[in-house]
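Here are some notes to read alongside the model. Keep the 3D view open as you go through the points.

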Amino acid sequence: MLEKDSLSLTDKMRIIQEIVPGKQITLAHIIANPDAVLYQKLGLDPAVDYAKSAIGIVTMSPSETAIIAGDIAIKTSGVELGFVDRFSGTLIITGTVSEVETSLRALVDYAREKLGFTVCEITRT
């Protein structure tokens, strides 16, 4: 515990940020018609993925849920998995705008209804 009077003006306060364990989807976003350079920066093959026209990004905890989300995403539409990280809880998918939207909707609904997760709104740029 930090006492109010223990800091002088020259002292720096240290803030620690961490993920609080919970069942949640914290980001579900669709990037429609991204520039080819974004595919490259994400480590995706722009020659293959650029024609797909959309990127979906999801973050969740517990992080292993990314495996389930990836499975749901590829089974509900024609999306391709770009990246699945079971340690950070990140999922990146590519496909047409409608495929990505269908997959994100399916995985967010499943997480809320079947897994009892708190979920965010699906956003789009």
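1. Start with the charged pairs: across the whole structure, a search turns up four salt bridges. The term stands for a side-chain nitrogen of Lys or Arg within 4 Å of a carboxyl oxygen of Asp or Glu. Before going on, bear in mind that this is a predicted model, where local features need pLDDT of at least 70, side-chain atom pairs count only at pLDDT 80 or more, and totals for chains, interfaces and linings use all residues. Residues are numbered from 1 along each chain as its sequence is written, and side-chain values use heavy atoms, with hydrogens and water left out.

2. One of the bridges pairs arginine 124 with glutamate 101, at 3.8 Å from N to O. This pair ties together distant parts of the chain, with arginine 124 in strand 6 (residues 122-124) and glutamate 101 in helix 4 (residues 97-113), 23 residues apart. Helices (H or I, at least four residues) and strands (E, at least two) are DSSP runs, numbered from the N terminus. Glutamate 101 has 38% relative accessibility, so it counts as partly exposed; the scale is buried under 20% relative accessible area, exposed over 50% and partly exposed in between, using a 1.4 Å probe and protein chains only.

3. Now stay with helix 4. Arginine 105 and aspartate 109 form a salt bridge at 3.7 Å, N to O, and because they sit four residues apart in that helix, about one helical turn separates them. Aspartate 109 also bridges to arginine 112, with the closest N and O atoms 2.7 Å apart. Shared partners join Arg105, Asp109 and Arg112 into one network. Both arginines are partly exposed: arginine 105 at 41% relative accessibility and arginine 112 at 37%.

4. Where does threonine 65 lie? Look in helix 3 (residues 65-76). Threonine 65 is buried, at 10% relative accessible area. Its side chain reaches the backbone oxygen of proline 62 at 2.8 Å. Setting aside neighbours within four places in sequence, threonine 65 is in contact (heavy atoms within 4.5 Å) with Met60, Leu115 and Phe117.

5. Threonine 59 belongs to strand 2 (residues 54-61). Not counting residues up to four places away in sequence, threonine 59 touches Gln24, Ile25, Thr26, Leu27, Gly89 and Thr90. With threonine 26 there is a side-chain to side-chain polar contact at 2.7 Å. That term means a pair of N or O atoms within 3.5 Å; within protein, one must be able to donate a hydrogen and the other to accept it, and residues adjacent in sequence count only if both atoms are side-chain atoms.
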